[in-house]
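Here is a short report on one protein chain. Please look over the sequence and the 3D view before reading on.

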Amino acid sequence: MIFDTHAHYDDSAFDEDRDDILKQIHAGGVELVMNACADIAGLKTGADLAEKYPFVYISAGVHPHDVSNMTEEDIELIRKAAANKKVRSIGEIGLDYYYDNSPRELQKKWFLRQTELARELSLPVMIHDRDAHRDTIDILRHAKNEGGVFHCFSGSKETAREALDMDMYIAIGGSVTFKNSKMPKEIAAYIPLDRMVVETDSPYLTPVPHRGKRNYSLYLKYVTETIAQIRGISADEVERATFENGRRLFGI
């Protein structure tokens, strides 16, 4: 019983075998997938996947890498897309100060605007935060959203505490399995089990022992097994808890 709360099955990495992969992961015990939109084009491709596969849901938004040319017309397109009952969050939105593919002021402007849209639509937010923890937390506090999730959380325990205090969930992915990933392991031990979800970010962030290969949802077993070892509980308990947490987070 697995819920992959953040994947990109509309990515070109799956163009050759997308249908086979989705059928394979569902047969293998992945009961729910949240396909995260990264740009306006992804609104349609994500919706097409969700229509074809009942177990696939959608998060609709524009990634900070792609906000340089964003306009209010794009906000209206996201609003329109969110009328689809399979859209259960606004995202992947946020800030990325590591790559800085978009100017920081524009990142902050459109992150705030998309959080406002999420509040208007009573949807949770799916947050991308890379090397921008302080600004991300400050914008979320200002927006006063109705909860959400920090995708691929990379902050400190202090930042995690601030996120939890805003009714956010913390997503754990493949990085927790990396040999030298001290902070992800600390976070996996620190956060309450009822505020944790798991994700692949497929085709990215493939866990050990398949690091370097294309990621997909069946590899989540390595993530849940690692979390279980860290917390001293069974992998089944991690799977059950994170599955129910994901359903509660996204209202499924």
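This is a predicted model.

**The loop between E8 and H8**

Start with Ser 202, which sits in the loop between E8 and H8. Its relative accessibility is 0%, so Ser 202 counts as buried. Neighbours within four places in sequence aside, Ser 202 touches His 6, Ala 7, His 8, Tyr 9, Phe 14, Asn 215 and Tyr 216.

The backbone of this loop has several features to check. Most residues other than glycine have a negative phi, and most peptide bonds are trans. Ser 202 is joined to Pro 203 by a cis peptide bond, with omega about 10°. Pro 203 belongs to the loop between E8 and H8. Pro 209 is in the loop between E8 and H8 too. The bond from Val 208 to Pro 209 is cis, and omega is near 15°. Leu 205 is also placed in the loop between E8 and H8. Leu 205 is not a glycine, yet its phi is positive, about 55°. With a relative accessible area of 28%, Leu 205 is partly exposed.

**A positive phi at Asp 167**

Asp 167 occupies the loop between helix H6 (157-165) and strand E7 (168-172). Its phi is positive, about 65°, although Asp 167 is not a glycine. Is Asp 167 buried or exposed? Asp 167 has a relative accessible area of 51%, and the cut-off for exposed is over 50%, so Asp 167 is exposed.

**The sheet**

Strands of a sheet pair through backbone hydrogen bonds, either parallel or antiparallel. Here eight strands make an open sheet, and the pairing is parallel. The order is E1-E2-E3-E4-E5-E6-E7-E8. Strand E1 (2-7) and E8 are at the edges. Each has a single partner strand, so one side of each lacks a neighbour in the sheet. From one strand to the next, the twist averages 30°.

E1 pairs with strand E2 (residues 30-36) over four bridges, in the parallel sense. Asp 4 has Val 33 in E2 as its bridge partner. Helix H4 (residues 104-121) lies across strand E4 (87-96) and strand E5 (125-130). H4 runs at about 160° to E4.

**Helix packing**

| Helix pair | Packing angle | Distance between axes |
|---|---|---|
| H7 (residues 182-190) and H8 | about 70° | 9 Å |
| H8 (residues 220-231) and H9 (residues 235-250) | about 110° | 8 Å |

Take H8 and H9 to begin with. An angle of 65 to 115 degrees counts as roughly perpendicular, and H8 and H9 are therefore roughly perpendicular to each other. H8 crosses H9 in the right-handed sense. H8 contributes Thr 224, Glu 225, Ile 227 and Ala 228 to the contact, while H9 contributes Ala 235, Val 238 and Glu 239. By class, that contact holds four nonpolar, one polar and two charged residues.

Now H7 and H8. Their packing angle is about 70°, which makes H7 roughly perpendicular to H8. This crossing is right-handed. Lys 185, Ala 188 and Ala 189 of H7 meet Ile 227, Ile 230 and Arg 231 of H8. The contact has four nonpolar, no polar and two charged residues.

**Asp 194**

Asp 194 is in the loop between H7 and strand E8 (196-198). What lies in contact with Asp 194, leaving aside its neighbours within four places in sequence? The partners are Tyr 169, Asn 245 and Arg 248. Asp 194 and Ala 241 are 47 residues apart in sequence, yet 6.6 Å apart in space, C-alpha to C-alpha. Asp 194 is partly exposed, at 44% relative accessible area.

Technical notes: Residues are numbered from 1 along each chain as its sequence is written. This is a predicted model: local features need pLDDT of at least 70, side-chain atom pairs count only at pLDDT 80 or more; totals for chains, interfaces and linings use all residues. Side-chain values use heavy atoms; hydrogens and water are left out. Axes are lines fitted to C-alpha atoms, for helices over the stretch in contact, and angles run from 0 to 180 degrees between N-to-C directions. Helices (H or I, at least four residues) and strands (E, at least two) are DSSP runs, numbered from the N terminus. Angles under 35 degrees count as roughly parallel, over 145 as roughly antiparallel, 65 to 115 as roughly perpendicular and the rest as oblique. A crossing is left-handed if the near helix is turned anticlockwise from the far one by less than a right angle, and right-handed if clockwise. Contact means heavy atoms within 4.5 Å. Ala, Val, Leu, Ile, Met, Phe, Trp, Tyr, Cys and Pro count as nonpolar, Asp, Glu, Lys and Arg as charged, and the others, Gly among them, as polar. Buried means under 20% relative accessible area, exposed over 50%, partly exposed in between (1.4 Å probe, protein chains only). Two strands pair if DSSP finds at least two bridges between them.
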